[in-house]
Amino acid sequence: MIEDVEAGKVWEALEADPRAQLCDVRTDAEWNFVGLPDLHEIGREPVLIPWQVYPSMQRNGAFLDHLQQAGFTPDTPIYFICRSGARSMSAAQAAAAAGYSRVYNVAEGFEGPPDAHGHRGSLAGWKAAGLPWRQR
């Protein structure tokens, strides 16, 4: 079972463990137009590996290869993040099934659920937690 970890706790884990990685599994369109977690404060960058490929939104068949190419090993602590926590959970489950033993899902993702007006980013997730992020 993959553990959901609140964004603030993920930040703490990334600060405390230099081996821990944040893997953003959103699409390139989301990275370009919505923004990215900004880890410069702790001397890091998120690892960008899409779970699905835009615009077809088909699963990235090379996802596990990309994890390996990024230098992740079976014992690398990997925190997967997407928009709301759904795709990142699927990515974490696939990584776990492939032998990665320290995988986690960022609860509520980068933007969290939509508010009463259908806007994301204010209720929960990375942005709502006030964690650093930037436009690309």
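Arginine 19 and aspartate 75 form a salt bridge, with their closest N and O atoms 3.3 Å apart; the term means a side-chain nitrogen of Lys or Arg within 4 Å of a carboxyl oxygen of Asp or Glu. This pair links distant parts of the chain, 56 residues apart: arginine 19 is in the loop between H1 and strand E2 (21-24), and aspartate 75 is in the loop between H3 and E7. Helices (H or I, at least four residues) and strands (E, at least two) are DSSP runs numbered from the N terminus. Arginine 19 is partly exposed at 38% relative accessible area, and aspartate 75 is partly exposed at 39%. Here buried means under 20% relative accessible area, exposed means over 50%, and partly exposed lies in between (1.4 Å probe, protein chains only).

The model is predicted: local features need pLDDT of at least 70, side-chain atom pairs count only at pLDDT 80 or more, and totals for chains, interfaces and linings use all residues. Residues are numbered from 1 along each chain as its sequence is written, and side-chain values use heavy atoms, with hydrogens and water left out.

The whole structure holds 5 salt bridges. Side chains of opposite charge can pair when their charged atoms come close. Another of these pairs joins glutamate 30 to arginine 87, with 2.8 Å between the closest N and O atoms. It too links distant parts of the chain, with glutamate 30 in helix H2 (residues 28-33) and arginine 87 in helix H4, 57 residues apart. Glutamate 30 is buried, with a relative accessible area of 15%, and arginine 87 is buried, also with 15%.

A further salt bridge lies within one helix. Lysine 9 and glutamate 12 meet through their side chains at 3.9 Å, N to O. Both lie in helix H1 (residues 7-16), 3 residues apart, about one turn of the helix. Glutamate 12 is partly exposed at 44% relative accessible area.

The largest nonpolar core has 19 residues, of which Cys23, Val25, Phe63, Leu67, Phe80 and Val103 touch the most other members. Such a core is a set of buried Ala, Val, Leu, Ile, Met, Phe, Trp, Tyr and Cys residues joined through side-chain atoms within 4.5 Å. Helix H3 (63-69), strand E7 (78-81) and helix H4 (86-97) each supply at least two of its residues. H4 gives the most, with 5 residues.

Glutamate 108 sits in the loop between strand E8 (103-106) and strand E9 (133-134). This residue counts as partly exposed, at 37% relative accessibility.
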